[in-house]
Amino acid sequence: MLKPSEVASEYVGIAQGKVSMRWYKTLVLAVLAGAFIAFGGAASTFASAEMTGATARLVKGAVFPVGLMLVVICGAELFTGNCLLLAPALSREVKPTATLKNLGLAYFGNLVGSILIAVLVVFSHVMPEAVGIAAVNTANAKCAMTFGDALLRGILCNMLVCLAVWAAMSSKSVPGKILAVYLPVFTFVACGFEHSIANMYYLSAGLMESAITPFSGASLNLGNSLVYCLIPSTIGNIIGGAAIAAAMFAVHKFKKKDE
């Protein structure tokens, strides 16, 4: 495996490649990343639909990581993982404007990919009634959060996601990368933290499924989806990712400058 200082140096080159990529390539890879995360979200809903409490969270955590595994192994552009770009951007090793462009394209592409998979899952009628109800209940619960709760859970989530991406970069083997991704993602899902890109799928699927599944929840609507879930979890993800990026780069990339 690579040492943390080697990962930090390696990531600068990765960051330069990401921000210099043609916009349409970034967008396509971002759509794929959104789809990959949505697959993980769909699988976790299917697997845990008839479970409750800690058992449901553990099963969701066991299944959901397939999304980030695919992102890492297939080289897609995921907004939350790309928040690591903020450290080399702040140190001017990549252009801040190019970084913001990458993050904007990644977020939009992730949204498109997530919604696309939600549409295909809902309107293919592949979800049994229990799974459909679970999808709607999940979205309703997310819309019922307070802005502050979603924000803080978003911070915690992307700390773990960025650590997963960092740990995966340290491994020189595919099995090592998969294991490095699996445990941090399992942790954030089992704890109930908020991942903005996963929420794009959960909210889209829940909103669409609520139109065809009997449901009495009062919180689920587009406005609440944006104000109490997607926006605060996105802000939290940026803060959490930036904090990890800054800490890891300060210790492992720039420490020699201070010595």
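In the predicted model, Ser204 is in contact with Ile115, Ala118 and Asn199, when its neighbours within four places in sequence are left aside. Ser204 belongs to helix H11. The relative accessible area of Ser204 is 14%, and because buried means under 20%, Ser204 is classed as buried.

Asn199, one of the contacts of Ser204, also takes part in a polar contact: its side chain is paired with the side chain of Glu194 at 2.9 Å. Glu194 lies in the loop that runs between helix H10 (174-191) and helix H11 (196-209). With a relative accessibility of 4%, Glu194 counts as buried. Apart from neighbours within four places in sequence, the residues in contact with Glu194 are Lys142, Met145, Ala150, Arg153, Gly154, Cys157, Asn199, Cys229, Ser233 and Asn237.

The surface of the model was also examined for nonpolar patches. One such patch, of about 660 Å², is formed by Phe147, Leu222, Leu226, Val227, Tyr228, Ile231, Ile235 and Ile239. The most is given to this patch by helix H12 (residues 222-252), which supplies 7 residues. Phe147, another member of the patch, is located in helix H9 (residues 147-170). The relative accessibility of Phe147 is 35%. Phe147 is therefore counted as partly exposed, since this class lies between the limits of 20% for buried and 50% for exposed residues.

Definitions and conventions:
Residues are numbered from 1 along each chain as its sequence is written. This is a predicted model: local features need pLDDT of at least 70, side-chain atom pairs count only at pLDDT 80 or more; totals for chains, interfaces and linings use all residues. Side-chain values use heavy atoms; hydrogens and water are left out. Patches are made of residues with over 30% relative accessible area and no salt bridge: like charges are joined within 9 Å, nonpolar side chains (Val, Leu, Ile, Met, Phe, Trp, Tyr) within 5 Å. Accessible areas come from the Shrake-Rupley method with a 1.4 Å probe; for residues, only the protein chains shown count as cover. A salt bridge is a side-chain nitrogen of Lys or Arg within 4 Å of a carboxyl oxygen of Asp or Glu. Helices (H or I, at least four residues) and strands (E, at least two) are DSSP runs, numbered from the N terminus. Buried means under 20% relative accessible area, exposed over 50%, partly exposed in between (1.4 Å probe, protein chains only). A polar contact is a pair of N or O atoms within 3.5 Å; within protein, one must be able to donate a hydrogen and the other to accept it, and residues adjacent in sequence count only if both atoms are side-chain atoms. Contact means heavy atoms within 4.5 Å.
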